[in-house]
Amino acid sequence: MTGAAEALRLERGQAASFCAEASIPPPAPRRSALFPPREDQQRWDDLLSQELARADAQVAAQPVAPTIDLAGFKRELAGFDFETPRALDAMLEWTVARMERGIVQVTHPRYFGLFNPAPSFPAQCADRITATFNPQLASSTTSPVAVEIEAHVIRAFARRAGLPPEATGHFTTGGTEANYTALVCALTGAAPRFAAEGARAFPGPPVFYASRDSHRAWLKIAHQAGIGRSAVRLVATDGAGRMDANALADALRADRAAGCVPVMIAATAGTTNAGMVDPLVDCGAIARSAGLWYHVDAAWGGALVVSDRLRGRLAGIELADSVTVDPHKWLATTMGCGMFLAARPDALSSAFHVSASYMPSKVADLDPYMTSVQWSRRFLGLRLFLSLAAAGWSGYGAHVERSVALARRLEEQLAAQAWTTANDASLAVLCIEPPAGAADVRAVVRRVVASGRAWVSEAVFEGRPVVRACVTHGGTAPEDVAALVDALQAAASA
Ligand SMILES: *Cc1c(COP(=O)(O)O)cnc(C)c1O
């Protein structure tokens, strides 16, 4: 057969098969990998639950740091060209096994790391429920129960923080989105024309204030908001990791004299490196007298409001126009869960109002798509709702009080071995320095992590390198603290 004849035959064959397809009814549904029949789902669900329970128990007996050979894993991953479908049950086992050895295990009781919690069990249940129903929380009409649950938790939390009764807010993907929300509210409040004209609405460059130890996401936030990273004024600290209120007042005066337009003071309640709380009352008073938006970034420390014994450490938070709290940190929900609390609802609706013909409802102060950064929205608030409902304020209070007590214990045991604590560790974050003559901070951290016995990190506190250890796991026991002390001692004297 010539090439041309062959081509013609193929073409005809194809045409014939298209015709045939058009004239017969659609095939009976195959077993779909994406939407398998219920009995398969049940079987795989059971398998997954068993695998996860096994892995969860296994993690505590393993090194905290990853042990996987990453080069080998990348080669294995390259084998997934997605041409040939694979069996889901095998894939579930494969994924759990790789996770078991392929990440820093934040659910390990000797993970004394950054603010990444072992998630509460109710929060994990919430994720399953949310995944099954997959509600869309953009509008109150489509998911009324879910929207009301979130609003209820937000109001309860805002009241607990001492904000006014009309305070409102919403769940965010984390602290960064919540802090971004604060800046947009501050800019819109300072110049309503900001909504239409952006930074051009201001007679001079808009600027805002946070301490030198504030979270560095503020730089990205200023960038995204269109006022530029140079708008972030990193105010000096007082030698103890807290914003220096006098330096703040000086910076404000200097900026005004130079023609800049201050719009916001963002105090931190629980710095990321050291858990320090800025002078919230003084910062609030300065913001009030200067007519600025007062934001309190309590991403980590805000959890203390759940404890009757410890919430006094956040005195002044009630003066805020807005507050960031991350449930995915000390409140131990699963990852990707923040909160933005606003003292006045109108601030949110003027910053985020919008209208779209296709949206099923348009309730200005209720529909999340009209009061927040996001549009399509996951039911994040269920994680905190179920956790709070199951534990109550008292159960959550016990959780944060326990972390603080264990951090205190760690501090005492290290002090007995001539280590010093550079910060005030009352928010369960310790910045520690090895004894004189011991190995330096970098070597200590490297050795502890490499030992697999515990996980700590390196930080800088008031210009000094420190080992940072934070108690984030609700199941960390005194023995785990003792094991960390041993690991630190061994690393410092090696
Ligand atoms: C973690 C943290 C943030 C950033 O929050 P994400 O949830 O990581 O986006 C902001 N501020 C402080 C004080 C934090 O500790």
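The lining of the second largest pocket divides into 9 nonpolar, 5 polar and 6 charged residues. This pocket belongs to a predicted model, and its volume comes to about 370 Å³. In total, 20 residues line the second largest pocket, and those nearest its centre are Ala151, Thr168, Gly169, Asp365 and Leu366. Three elements, helix 6 (144-160), strand 1 (168-172) and helix 12 (345-352), each supply at least two residues of this lining. Of these, helix 6 provides the largest share, with 6 residues.

The protein is built with 15 helices and 11 strands. Its C-alpha trace spans about 90 × 60 × 50 Å along the principal axes. Of the 494 residues in the protein, 51% are buried.

The largest pocket comes next. About 1700 Å³ of space lies within the largest pocket, and 39 residues form its lining. Leu48, Ser49, Leu52, Gln124 and Arg128 are the lining residues that lie nearest the centre of the largest pocket. Two or more residues of that lining come from each of helix 2 (38-59), helix 4 (88-102) and helix 5 (121-133). Helix 2 gives the most, contributing 11 residues to the lining of the largest pocket. Sorted by class, the lining of the largest pocket holds 24 nonpolar, 9 polar and 6 charged residues.

Attention now turns to the ligand. A shell of 14 residues surrounds the ligand, and the closest of them are Gly175, Thr176, Asp297, Asp326 and Lys329. By class, the shell consists of 2 nonpolar, 9 polar and 3 charged residues. Helix 7, which covers residues 175-190, gives the most to the shell around the ligand, with 3 residues. For Asp297, a polar side-chain atom lies 2.6 Å from a nitrogen atom of the ligand. For Lys329, a polar side-chain atom is found 2.8 Å from an oxygen atom of the ligand. For Thr272, the corresponding distance from a polar side-chain atom to an oxygen atom of the ligand is 3.0 Å. Taken alone, the ligand exposes 380 Å², and the protein buries 87% of that area.

The side chain of Thr172 reaches the backbone oxygen of Gly174 at 2.7 Å. Is Thr172 buried or exposed? Thr172 counts as buried because its relative accessible area is 0%, and the cut-off for a buried residue is under 20%. Ser143 has its place in the loop between helix 5 and helix 6. Helix 5 is one of the elements that give two or more residues to the lining of the largest pocket, whereas helix 6 gives 6 residues to the lining of the second largest pocket. The side chain of Ser143 reaches the backbone oxygen of Gln136 at 2.6 Å. With a relative accessible area of 8%, Ser143 is buried.

Two further residues, Asp69 and Arg447, are partly exposed. Asp69 is found in the loop between helix 2 and helix 3 (70-78). Asp69 has a relative accessible area of 48%, so this residue falls between the cut-offs of 20% for buried and 50% for exposed. Asp69 and Lys362 are 293 residues apart along the chain, and their C-alpha atoms are separated by 52 Å. Arg447 is found in helix 14, which covers residues 441-451. The relative accessible area of Arg447 is 29%, and therefore Arg447 is also described as partly exposed. Arg447 and Val404 are 43 residues apart in sequence, and from C-alpha to C-alpha they are 26 Å apart in space.

How values were computed: Residues numbered from 1 in each chain as written. Predicted model: local features only at pLDDT ≥ 70, side-chain atom pairs only at ≥ 80, totals over all residues. Heavy atoms only, no water. 1 Å grid on protein atoms, 1.4 Å probe; cavity = no way out; pocket = protein on both sides within 12 Å on 5 of 7 lines; lining within 4 Å. Points joined across faces, edges and corners; volume = space filled by probe spheres on them. Helix = DSSP H or I, 4+ residues; strand = E, 2+ residues; numbered from the N terminus. Nonpolar A, V, L, I, M, F, W, Y, C, P; charged D, E, K, R; others polar. Near = heavy atom within 4 Å. Polar contact = N/O pair within 3.5 Å; in protein donor to acceptor, adjacent residues only side chain to side chain. Areas by Shrake-Rupley, 256 points an atom, 1.4 Å probe, with all protein chains shown as cover. Buried < 20%, exposed > 50% of the residue type's maximum accessible area, 1.4 Å probe, protein only.
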